[in-house]
Each structure stands twice: as C-alpha cells, then as structure tokens.
Amino acid sequence: ALGALGVVYGDIGTSPLYALKECFAGTHSVPPEPQNVLGVLSLVFWAMTFVVTFKYVGVVMRADNRGEGGVLALVALVGRHETSRLGRRFLVLLGIFGAALLYGDGAITPAISVLGAVEGLSVAAPALHGAVVPLAVAILVALFAFQRRGTATVGAVFGPVMLVWFVAIAALGVRGVLLDPSVLLAFSPTYAAGFFARNGAQGFLVLGGVVLVITGGEALYADMGHFGKRPIRLAWFAVAMPALFLNYLGQGALLLHDPSAARNPFYLLAPEWALYPLIAIATVAAIVASQALISGAFSLTRQAIQLGYAPRVTIRHTSSHEIGQIYLPEVNAALAVATIALVLGFRSSSSLAAAYGIAVTGTMAITTLLFYRVARDLWRWPRRGAVPLTALFLAVDLAFLSANFVKIEEGGWFPLVAAAGIFALLATWKRGREELAGMMEGSGLPLDLFLKDVARRKPHRVPGTAVFLTGNTTTVSAVLLHHLKHLKVLHERVVLTSLRTEEVPSVSENERVVVRDLGCGFFQVVARYGFMETPDVPALFAALPALAGPGEPRLEIKPMETTFFLGRETLLTTGATKMARWRKRLFVFMARNAQPASAFFGLPPNRVVEIGAQIEL
C-alpha cells in the first residue's frame with residue numbers, strides 16, 4: 001500500500017497545487033464568492049467520490065486482464081471477446097486512440113506538476129517570479145537525464161515521500177478548516193446543484209477546472225498490475241482520499257475568509273515560515289508524479305510493440321528483480337523534448353490546465369466504452385445492468401469532456417494533435433505489418449511440402465545449428481528458402497523459431513514453449529509471451545531443456561555455437577496494396593528506423609546472418 005501511494009497517487013496527489021486556482025482564477029473561472037466556493041467544493045467532493053472511488057476503485061478495477069489494468073489491457077480483452085468484427089475493430093481503434101492520449105498525458109503531467117510546485121516561489125518571494133520557468137526546465141532536464149539509471153533506487157522512497165506529502169497537505173487543510181468550519185457544508189450535493197442553477201453556462205465551464213482533481217483515475221487503473229487491487233484501495237481510503245478532501249476544504253475555507261487568495265490558494269494556505277519547506281516537498285512530490293507517468297509511457301510502449309502497434313525500440317532493463325523496471329531511450333528523449341517545450345510554451349500551470357483536461361477526460365470516456373463491452377462479453381452482464389451503469393459513467397465523462405472543449409484554442413489542441421499523430425503511427429504500423437504478413441504468407445511454401453522435398457532431395461548438410469526466426473508456423477520463411485536456393489546446403493540441425501505475443505500480460509513458464517521434432521533434422525520451437533514481457537531468445541534457448549514438456553525433445557542450443565538467420569526486407573512503395581501512399585511512406589520510414597531484430601531479441605551480433613529481399617507494398 002505504501003508503494004502504491006508513491007506510484008499510483010502521485011498524479012492525483014499533486015492536483016491541489018493547481019486545481020482550485022484554475023476554478024477561481026483561471027480563464028473560465030467564477031468569482032470566489034461564498035456560494036461559489038461551497039458549490040465548487042461540493043463538485044470537487046462528489047467528482048472524486050463518483051469518478052475515482054465509485055467508478056475506478058469500485059467498478060472498473062474489476063476489469064483486469066490477468067491482474068493488469070489500463071486501456072491497452074482493455075483493448076486486449078475486447079479484441080478477444082467482441083463478437084462483431086466491425087465492432088471489434090472500431091473499439092480496438094478507439095482504445096488505441098485512448099493509449100495515444102495517454103502519451104499526451106505523459107508529457108503534460110511532468111510539466112504542470114513541476115510548474116505548479118515551483119510557482120510557490122512567486123508567493124514566497126514575488127521577485128523570483130522570473131526564475132520559475134528556468135528552474136522548472138532545469139528540474140525536468142535532470143529528471144529525464146536520470147531515467148537511464150533506472151528508478152529502482154528512487155522508487156524505494158516514492159512511498160515515504162508521498163506519505164509525507166499527504167500528511168503535509170492534510171495538516172494544511174485542517175489549518176484552513178479551523179479558519180472557517182462552515183466550509184464543511186460543501187459535503188451537501190445541494191450546493192453543487194445550486195452552483196449550476198446560479199452560474200448557468202459559466203458554471204458548466206468550471207467543470208474544466210474541477211476535472212483536474214480526478215486526473216489520477218486512469219493512472220490508478222493502469223498501475224493496478226504493479227501492486228494489486230487491495231493495496232491500491234487501502235492507500236486510497238486510508239491516506240490519499242481523506243488528505244485530498246481535507247486540503248481542498250482548507251483551500252475553500254481560506255477563500256471564504258479571504259477571496260483574494262484565489263491567485264494561489266494552495267501556497268497562501270501555508271504559514272509564512274512553512275512556505276520554502278512546502279515548496280521543496282511539493283517539488284519532490286511533483287517529481288514522483290512525473291516519474292510515474294514517464295515509467296507508464298515506457299510500459300505502454302512495450303505493450304504496443306508486443307501487440308504489434310509500434311516498431312521495435314531499444315528496451316533496457318534497469319533492475320534484475322523487477323520486470324517492469326525498463327528504460328526506453330527513444331521514448332524518453334521524445335517525452336523530454338515535448339515536456340520542456342510545453343513548459344517554455346505555456347509558462348504556467350494555469351495555461352497548461354487547458355491541455356490537461358482534454359487528455360484526461362478523453363481517455364476516461366474511452367475506458368467507459370471499452371468497459372461496457374467487457375461487462376457484456378466477458379462477464380455476461382445483461383443489458384438492463386450494463387447499459388444504465390455505462391450511461392451514468394458516460395454522462396459524467398462527457399460532461400467533463402464537453403466543458404474542456406472550449407479550451408481547445410487555449411491549449412487543449414496539444415493533446416488532440418499529439419494523440420492524432422501517435423494514433424496515425426500506431427495504426428499505420430499495425431496495418432503495414434498485417435499487409436506485409438499477408439504478402440509473406442501468400443508467397444510462402446507449406447512446411448509439410450518443404451520437409452517432404454528436403455527428404456527427397458537430401459541437400460548437403462554442414463555441421464552446426466541454424467535458427468530461423470519466423471512469424472508463421474505452417475509455412476517456410478522466405479529467409480530459409482533463399483538460404484537453401486543460393487547456398488545449396490542446410491545445417492545438420494535447423495530450428496524454426498516463432499515468438500508469439502498473447503493478449504495476456506504474462507505467460508507462465510510451464511506454458512512458455514512447445515518443441516516439436518519435424519524430422520530430417522528440423523525442429524520447431526513456438527514460444528509464447530505476454531504483452532508486458534520482452535522476448536529474449538538466448539535466455540529462451542538456455543531454458544529449453546528445463547521447459548520441455550513430456551514427450552518433447554530436449555533441445556540444447558548454445559547461442560555461441562549457433563547461427564541465427566534473419567531477413568532484412570527493403571520495402572518499396574510501388575506495390576498494389578490498398579494502403580494510401582502517405583501511409584506506405586510512413587510505414588517504410590518507421591521500418592527503416594526500427595531497432596534491428598537481432599538487438600531487440602538479444603541475439604549475439606557475431607552469430608547473425610541477414611539475408612536481404614525487396615518487397616513492394
């Protein structure tokens with residue numbers, strides 16, 4: 001639970017830095033009059049209760065894929081169980097767009113959290129206002145530069161740091177409530193209803209600021225597999241939720257007492273002597289929140305690669321104990337550039353709040369739609385139960401999303417443009433791989449016919465083992481056919497290896513591999529991996545004798561005594577496939593810049609032979 005507090009609740013835990021400020025001093029704010037303050041606080045309380053506590057902690061967390069959560073886990077579940085092919089494709093694409101939105105969230109969260117924390121300097125010493133942006137950029141540069149060292153060491157202190165943070169903001173909240181205990185009236189939903197009645201359309205637009213208090217709901221669901229449901233729920237009910245409620249009440253009480261504090265109610269709630277220590281704690285908490293989203297982007301990318309939506313990139317494991325501790329240099333660099341550009345472009349947490357709301361609410365609405373299909377297809381819920389609950393979730397999601405649409409010009413365009421670009425990359429890669437696989441399968445020779453031909457022709461055999469990586473278990477890879485055609489020889493032992501990604505997070509070791517003796521010195525190895533795992537061919541071969549099932553041959557393959565044959569396709573855009581010309585060019589560009597298969601699968605570089613071929617798409 002302490003670990004969950006550090007990783008899962010870093011995002012939502014830093015929301016008090018900017019959420020109420022946006023409601024009363026932002027672009028679409030309302031005056032901090034007593035009835036408005038109580039109305040907004042009532043909305044904050046009921047938004048957190050309904051969206052985070054009821055929807056995510058209570059209901060959506062039940063929709064797990066072998067313990068893993070998040071939008072791509074839902075995509076995998078829908079992909080397996082949705083009956084209509086058209087409906088399945090639409091929902092999968094919708095889920096991929098939700099994943100693309102999360103990348104925008106991964107860039108915005110570090111920017112807004114660190115800016116919100118450092119802006120306390122403007123309160124403590126107004127003369128330091130000009131140092132806010134440079135200091136935020138310096139912190140972010142250090143944060144992204146540190147990623148290559150891994151988060152195992154820092155991760156150990158995430159929980160205690162966030163515990164200190166939550167205790168601190170709760171204490172500030174209690175201090176504020178003592179200023180004006182009447183703020184406790186905000187628990188009544190009548191104040192929320194009255195707020196809309198008085199403010200009309202302007203009151204509806206304030207939801208664009210209120211949504212900032214629930215920004216961590218999607219992260220909570222996505223990180224479920226790291227800690228489990230019970231610790232996440234315990235951390236929420238015991239620490240995070242009460243501390244957040246207390247702090248928002250404290251900020252509200254301060255506004256009732258002094259409406260001019262709307263410019264930064266979080267820091268003005270603190271006594272003068274505590275400002276600098278609070279800025280330090282807030283900055284560390286913001287770094288923790290940022291780290292969780294950065295690590296989430298790494299994990300999301302690995303899942304996309306394994307599910308066939310992204311090209312191979314460099315994946316470095318930074319911990320020998322935790323499989324989830326990975327570092328992706330290309331993704332880290334892209335996030336660093338985007339985050340620093342956001343800080344330099346928007347220059348304040350209030351300006352960034354507009355961009356933040358669209359990313360969060362869009363992903364929440366997509367999660368709701370995918371959840372409905374899981375409830376109907378996987379859990380077999382009747383329509384009379386699934387439809388009303390989904391409609392209720394969707395009504396709240398769309399209300400928040402609609403309130404943020406007016407902010408598109410002010411910065412809401414960023415997550416939409418970023419998500420559209422990333423979606424185009426992911427969808428193009430998936431489509432291109434499908435077209436390529438179809439072409440390769442159509443031109444392939446059935447494996448049984450090939451083996452009969454080998455037995456009949458008896459080609460010359462040379463000592464050693466040859467491993468051919470192939471995506472299809474029923475046909476012969478073009479690489480093997482080219483090898484035999486041009487060299488006129490085969491190795492004494494030929495191992496056809498297929499690495500399959502299942503739509504589950506991980507595969508148990510006793511279900512990992514199947515080995516078949518095909519005769520004529522040919523063997524087939526089919527290894528299964530989950531979308532949260534990274535294939536490692538040398539490690540697989542080292543474990544083969546132990547993983548062999550009853551009746552299966554016990555292959556002993558030593559990588560340094562084996563030759564690995566891979567294909568290197570040169571893709572041309574002059575073929576007759578139905579892909580648009582721009583998508584062909586994009587796919588070819590991505591393929592050329594993908595990490596080589598030899599490096600991605602961990603093959604010894606001096607044992608790899610690549611055979612080239614030209615393919616027209």
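**Burial, rings and turns in a predicted model**

Tutor: This is a predicted model. Buried residues make up 57% of the 617 residues in the protein.

Student: What makes a residue such as F45 count as buried?

Tutor: The cut-off for buried is under 20% relative accessible area. F45 has 15% relative accessibility, so F45 counts as buried.

Student: Why is W46 called partly exposed?

Tutor: Partly exposed covers the range between the buried cut-off of 20% and the exposed cut-off of 50%. W46 stands at 36% relative accessibility and therefore counts as partly exposed.

Student: What makes F45 and W46 an edge-to-face aromatic pair?

Tutor: Two rings pair if their centres lie within 6.5 Å, and planes over 60 degrees apart count as edge-to-face. For F45 and W46 the values are 4.9 Å centre to centre and 80° between the planes. A search of the whole structure finds 24 aromatic pairs.

Student: Why is the pair of F50 and F54 called tilted?

Tutor: Their ring centres are 5.6 Å apart, with the planes at 45°. Planes under 30 degrees apart would be stacked and those over 60 edge-to-face, so an angle of 45° is tilted. F50 and F54 both belong to helix α4 (residues 34–59), where they are four residues apart, about one turn of the helix. F54 has 36% relative accessibility and so counts as partly exposed.

Student: Which aromatic cluster includes F50 and F54?

Tutor: One cluster is formed by F50, F54, F371, W379, W381 and F393.

Student: What is noted about the phi of R380?

Tutor: R380 has a positive phi of about 60° although it is not a glycine. Most residues other than glycine have a negative phi. R380 is placed in the loop between α18 (349–377) and α19 (383–405).

Student: How do you know that R380 is exposed?

Tutor: The cut-off for exposed is over 50%. R380 has 64% relative accessibility, so R380 counts as exposed.

Student: Where does K458 lie, and why is K458 called exposed?

Tutor: K458 lies in the loop between α21 (447–457) and β4 (460–469). Its relative accessible area is 65%, so K458 is exposed. K458 also has a positive phi, of about 50°, although it is not a glycine.

Student: How do you know that the radius of gyration agrees with a compact globule?

Tutor: With 617 residues, a compact globule would have a radius near 25 Å; the protein has 27 Å, which agrees. The C-alpha trace spans about 95 × 50 × 50 Å along its principal axes.

Conventions: Residues are numbered from 1 along each chain as its sequence is written. This is a predicted model: local features need pLDDT of at least 70, side-chain atom pairs count only at pLDDT 80 or more; totals for chains, interfaces and linings use all residues. Side-chain values use heavy atoms; hydrogens and water are left out. The radius of gyration is taken over C-alpha atoms; the globule rule is 2.2 Å times the number of residues to the power 0.38. Buried means under 20% relative accessible area, exposed over 50%, partly exposed in between (1.4 Å probe, protein chains only). Rings of Phe, Tyr and Trp (its six-membered ring) pair if their centres lie within 6.5 Å; planes under 30 degrees apart count as stacked, over 60 as edge-to-face and the rest as tilted. Helices (H or I, at least four residues) and strands (E, at least two) are DSSP runs, numbered from the N terminus.
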